[in-house]
Amino acid sequence: MLHGIDWAVIAGYLMVALAIGVWASRGSRAGRTSFFLADRSLPWWWAGLSIAATTFAADTPLAISGIIADRGLSGNWLWLSWILVHAGVVAVFARRWWRTGVVTDAEFIGMRYNDRAAPLLRTTRAALYGGLYNIIILGWVLRAMGKIVEPLAPWERWAPGLLSTVSRILPAESAVGDPASLLTILGLVALVTTYSALGGLRGVVRTDLIQLGLGLAGSIWLAVAAWEAVGGRTGLQEGLANLYGDRRFELVALFPSAGGGWLGALELGTFAIGSYLLVQGYANIPADGGGYLQQRLNATRSEGDAVRAAWLFVGVQYLLRTWPWFVVGLAALVLIPLDGSTAQIPGPLADTVRSDREAGYPALMLALLPPGALGMLVVSLLAAFMSTVDTHFNWGASYLVNDVALRIRPDLSERVQIRIARLAVIGFAGLAVAVALNIETIEQAWKWVAVLGAALGAPTVLRWLWWRMTALAELAGAVTGLAVGAATGAAGVGYERQLLWVAALSLAATLLTVCIGPRSDRAHASIFAARIEPPGWWPDRTPIETARSLGRAGGATLLTIAVVVLGLWIGHRLLFAP
């Protein structure tokens with residue numbers, strides 16, 4: 001139950017977030033580059049921390065608690081596998097994205113290709129990522145927030161008439177919770193929409209910095225409380241051993257075992273499991289770090305700053321904020337056992353967690369934290385939620401202005417462009433709420449986003465590595481992959497096999513189109529390669545030069561992965577080793 005001091009902390013944070021957006025609006029009126037790229041003037045650490053804030057959604061710690069209960073600690077390789085893409089961003093794509101200077105990754109298509117299919121591909125990518133992908137993610141983030149806000153705002157006391165009106169319009173339990181939860185979410189969305197529309201990227205990034213700090217502080221605070229509640233490392237190990245016997249080794253293992261555990265349950269061969277994890281690595285984020293990563297990297301002051309920002313993001317993403325979530329997820333298994341035996345937290349909270357293991361995170365918040373600290377942690381989750389939503393609002397609006405409005409009317413004034421951007425932010429807010437109300441499960445939305453990423457992954461990487469790639473080949477791969485995804489989904493094919501089929505046939509369609517379709521413009525590819533200096537096969541490069549460029553890119557990527565995996569292993573040994 002929240003106390004007066006908790007409400008004071010929450011109100012103070014919300015007022016600060018709004019004030020930052022209003023203040024930043026003074027610098028967002030100069031035009032499109034200012035609104036979406038902050039005039040390419042962001043310090044590298046602002047950009048890196050802002051990316052980390054965006055990927056720290058309010059649903060993340062809840063999802064991790066559910067994953068650990070279902071699959072153990074190693075089940076988190078479903079998202080830890082994203083390091084395959086993020087390492088590539090650090091080693092290969094960050095500096096090259098900065099060299100392009102584009103506002104959106106869809107705009108990059110006009111730089112990379114000059115064949116007839118390029119305009120259609122640009123429109124398709126803008127629609128898929130700026131529209132479908134963006135709105136689905138916003139929808140599931142809003143839906144997940146419903147689990148958190150349900151006990152927070154007593155609307156029956158604040159505005160009983162308004163609550164009664166909403167209750168007549170919506171069913172007692174919508175996809176985002178009861179009518180009171182929906183009112184809370186609408187209020188938060190209205191606040192985020194206001195400062196996102198006013199301040200542009202500057203307002204988003206400045207609030208992101210505060211939001212990430214609050215999010216990290218809150219998650220660490222809860223982790224320390226949970227660690228003490230189970231008796232530290234010794235108490236955690238003994239509790240898991242007493243409750244789960246030999247399964248405790250599976251629960252605390254960092255790396256999955258192909259012969260057992262959740263990977264063995266996939267009923268895939270060793271090669272197929274490796275391929276699945278590879279595809280899973282790029283299925284949920286653009287394979288070349290496009291989207292909001294590219295936006296933040298291009299907003300920095302130099303290509304060196306873009307690389308530094310990418311490194312900072314990777315360090316925070318994988319080596320800092322994971323451990324508080326892992327501690328809380330494992331502690332919840334001891335404090336609220338899976339087998340229904342006596343829990344160490346109050347009965348009603350324990351009952352909620354037994355029916356929904358993702359609720360373990362907010363349940364431990366309510367059970368373990370004193371007044372004031374509880375308000376701080378609620379603020380941290382609100383901050384995580386808002387940092388994700390504001391980025392997707394600004395990023396989605398960038399596609400509408402840059403890849404739709406300006407292609408229809410290239411002569412639009414800067415003032416009109418900013419007006420369209422602000423209206424787009426409001427439009428995305430409305431669409432996100434509508435989608436959230438109609439998503440059956442978060443898992444369902446997550447899988448559709450993964451299918452989209454699997455369809456686009458291979459063509460996206462190949463355009464950076466091979467001069468013979470064409471816009472038509474990319475389009476063929478994307479269309480084929482999406483069609484296969486729809487067909488396998490309708491046929492009831494399991495998710496893991498579905499991803500493998502989508503990725504494989506998308507790649508096959510891409511290569512077939514390269515071989516039998518229109519040839520790439522060699523002269524245009526040479527100009528692109530001279531400006532961006534991508535690795536791989538490009539005109540005017542000897543086989544030795546090609547091999548060296550690929551070796552440098554591949555070696556740097558593998559080194560980045562090795563550093564992160566080593567850091568994870570060391571952290572795991574320090575915290576969870578017997």
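Predicted model: local features only at pLDDT ≥ 70, side-chain atom pairs only at ≥ 80, totals over all residues.
Start with the packing. The largest nonpolar core takes in 170 residues, and helix H21 (residues 373-408) is its top contributor, supplying 20 residues. Met-145, Tyr-276, Phe-326, Leu-364, Phe-385, Phe-393 and Leu-499 have the most contacts inside this core. For Phe-326, the neighbours beyond four places away in sequence are Ile-64, Ile-68, Leu-73, Asn-76, Trp-79, Leu-80 and Phe-576. There is also a second, separate core, with 14 residues, among them Trp-97, Phe-528, Ile-532 and Ala-553.

On the charged side, the whole structure turns up 14 salt bridges. One of them pairs Arg-99 with Glu-303, at 3.0 Å from N to O. That bridge ties together distant parts of the chain, since Arg-99 sits in helix H6 (residues 83-100) and Glu-303 in helix H17 (residues 303-320), 204 residues apart. Glu-303 has 22% relative accessibility, so it counts as partly exposed.

Asp-305 is buried, at 11% relative accessible area, whereas Arg-308 is partly exposed at 43%.

A further bridge joins the side chains of Arg-463 and Glu-474, with 3.1 Å between N and O. Here Arg-463 belongs to helix H23 (residues 442-465) and Glu-474 to helix H24 (residues 471-490), 11 residues apart. Both partners, Arg-463 and Glu-474, are buried. Finally, shared partners link Arg-95, Arg-99, Glu-303 and Glu-533 into one salt-bridge network.

Key:
Residues numbered from 1 in each chain as written. Heavy atoms only, no water. Core = buried A, V, L, I, M, F, W, Y, C linked by side-chain atoms within 4.5 Å. Buried < 20%, exposed > 50% of the residue type's maximum accessible area, 1.4 Å probe, protein only. Helix = DSSP H or I, 4+ residues; strand = E, 2+ residues; numbered from the N terminus. Contact = heavy atoms within 4.5 Å. Salt bridge = Lys/Arg side-chain N within 4 Å of Asp/Glu carboxyl O.
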